[in-house]
Every structure is written in C-alpha cells, then in structure tokens.
Amino acid sequence: MTCDHAHCDSCDRCLLVLSVVREIEEGLVMAECSDNEKEELTFDISQAKQSVECWKAHLLRSVNQDECRLDILSSLSASSILLVLDWAMKYLPRKYRESQSDWFGKRGISWHIAVAIKGNSGEMEMMTFVHVFESATAQDSSSVLAILDDVFSQLKTIMPQLQTIYIRNDNAGCYHCAQTLIVAPQIAKRHGLQISRIDFSESQGGKGACDRKAATVKSHMAQYLNSGHDIETAAQMKDAIESSRGVRGVSVKVCSPPSVPSNKSFKWEKVSFVSNLCYSQEEIRTRRAYDIGPGKSIPWTKFDVPEQSELPTMDIRLSTSETITSFVQ
C-alpha cells in the first residue's frame, strides 16, 4: 500500500538514545583495555541496544493497540457492549484456622472473569460474570467457548436489545487460537448476537477491567474468610462472593467442565501473529496491528465451521440466587 505522505517524523528525545550508544561505541574503540575486554563490552553494548529498541517497540505497540479499546468505548451504543475476558489466578482453598500441614499440597480452584462494559450517556457501566469450576478444568478453548455461551445467554436476557459484541482479551492460548476465533461467532449467532471484532491486547497492557474486579472479589472473599468461614470448594467460593449482599454487579455460577460433542480440529496458519479481527457475513479481516494497513481478508469458506449441535456447552451446577439485572458504574 502506497502512502500519500512522507515518513519523516522523529522524536528528538528518542534520538538521544542512539547518540548515547554511538558515543559509548566510539569511546570503547579508544579505550585502553585488552581485546577480550573490548569483545565482552561490545557484546554487552549490542545486547543493551537491542533491549532498549525492543522496549521502545513494545511501548509503541501497547499505545497503538490500546487505541482500539478507546475507539470501541467511544462508539458503544444501546445495542452494543465491550466484553473483556480473563482467567483469574487460581484461588488456593483456605480455612479460617488451619495448621501448617494444611497449607501445603493445595490444588487451586479455577475461575474465569468476563466484564461487560456498556456506554450510558457518556458514562461507562459494567457487569461482571464469574464462573467457578468445581473440578479440575483445563483452561482451554473449549472452556472459553462454553463460558461465552453462558455469558451471551445472560446478556441477552438482561439486554434484549443487545445486537453487537466487541471482545478483548490477552494472548493466552485459549483465546488466541483457531478454534476460539472461528467458533465464537457461531455461538453468538445461537443467541441472536453478532461479534463485530475480537482484539488482543499487547503483553502487560490489556485486561485491567478483569484485574480490578478480581481484586474486589478477592477482598470480599477475604472478609468472609476472616469472619470464621472456610473456602475450600467452588460452592463455598460462591457463598463467599455472595456473602454480605454480594459484590455489586457480579453474577457468579459454579460449573462443571464443558461438554464437547466433537473433536474437530481447526487449522489457521500463523494465527498467533494476528492481533485484530473484524467479522462480517462473508469474511474475517485480520491485522497484525490495529488500524495499520488494509488487513488480510479470509473468507469463511476456508474454514470448516461447526454446526450448532457441535458447539461446546456449559453445565451449570449452582447459580446466583438473585439474577443480576442491571449494570453498575
């Protein structure tokens, strides 16, 4: 693609880094030291220079990729939401009072957080969906798709006018894989919804909404624990989250591992290099960086799209006694 402008912009402060490295390299040539020492110092300088350049590139990618989130938030309507997904760190079971031997050899409880964000008269409102698994569960694509199926069902009940969903998550393998990216739009269709786009955040720069809500929920569970209760199972974890009138805007369910009717495999060459996907009826348009270039068009006919009967489903064991019906600021 030919640009209609000259690439001549520069930053004087960024150029200072190059000048400093150049001065160090010139000083090393004139330094009075042995050849072995010069060789070691030259290697150290080249490694440091490469690390600085990689860090600058990471910062640039982070800012550019975050522009996607800001653009989505500014364009949200009454019929669209932004859904941020993340697996929280496994919760270690705890007793109110436990011996030292009870502390060792614990198996963490898997739980997933999905934060739905909508715009309301210029202000953001959120609703959080927590899924706690009562047995060992692989944090894989099938689990993510089953969670999305339940989240879409709840959202459609709460917001009947909902039509469009934007999804944002990190680069974990359960999200950044062919199965999730191909099957997720089919799950949305089951509930009369459309996924407009899926975006991946740059490392260490993405799912703040989930992290903030996880911290609030864990703080609430700590109060429940300190009041004399134990949290050793998924059901007790649900009771802890719902204690003292619960956490505002949080719906929690206890689930079993998802059922997967078929073992169909999905092929997508170099899917790990894709950072932004826009969905339409005919194609998926992918980009390696947000709003850079025209993107690559991939027709749906290239993929073996599963039937509705082949989509993963979630077996809900326990759900919130009172259904959350409104978003909170």
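This is a predicted model: local features need pLDDT of at least 70, side-chain atom pairs count only at pLDDT 80 or more; totals for chains, interfaces and linings use all residues.
1. Two strands count as paired if DSSP finds at least two bridges between them; strands (E, at least two residues) and helices (H or I, at least four) are DSSP runs numbered from the N terminus.

2. Residues are numbered from 1 along each chain as its sequence is written. Local features need pLDDT of at least 70 and side-chain atom pairs count only at pLDDT 80 or more, while totals for chains, interfaces and linings use all residues; side-chain values use heavy atoms, with hydrogens and water left out.

3. With E2, the pairing of E1 is antiparallel and comprises six bridges; here Asp 86 stands opposite Ile 113. Elsewhere in the sheet, strand E5 (residues 194-200) and strand E7 (residues 276-279) run antiparallel and are joined by three bridges, with Asn 276 in E7 as the bridge partner of Asp 199.

4. Eight of the eight residues of E1 are buried, that is, under 20% relative accessible area with a 1.4 Å probe and protein chains only (exposed is over 50%, partly exposed in between). In a regular strand the side chains alternate between the two faces of the sheet. Both faces of E1 are covered, with Ser 80, Leu 82, Val 84 and Asp 86 on one side and Ile 81, Leu 83, Leu 85 and Trp 87 on the other.

5. Helix H1 (residues 12-30) packs with helix H2 (residues 35-75) at about 175 degrees, their axes being 11 Å apart. Axes are lines fitted to C-alpha atoms, for helices over the stretch in contact, and angles run from 0 to 180 degrees between N-to-C directions. H1 and H2 are therefore roughly antiparallel (over 145 degrees; under 35 is roughly parallel, 65 to 115 roughly perpendicular, and the rest oblique). Contact means heavy atoms within 4.5 Å; among the contributors are Val 17, Leu 18 and Val 21 of H1 and Leu 41, Ile 45 and Val 52 of H2. By class, this contact has 10 nonpolar, one polar and five charged residues. Nonpolar covers Ala, Val, Leu, Ile, Met, Phe, Trp, Tyr, Cys and Pro, charged covers Asp, Glu, Lys and Arg, and polar covers the others, Gly among them.

6. Helix H6 (residues 208-226) and helix H7 (residues 234-242) pack at about 100 degrees, with axes 8 Å apart, which makes H6 roughly perpendicular to H7. Val 217, His 220, Met 221 and Tyr 224 in H6 meet Gln 236, Met 237, Asp 239, Ala 240 and Ile 241 in H7.

7. The model has zero disulfides, a disulfide being a pair of cysteine sulfur atoms within 2.5 Å. Cys 68 is buried, with a relative accessible area of 1%, and its sulfur lies 7.9 Å from the closest cysteine sulfur, in Cys 278, too far for a bond. For Cys 177, the closest cysteine sulfur is that of Cys 174, at 7.2 Å, again too far for a bond.
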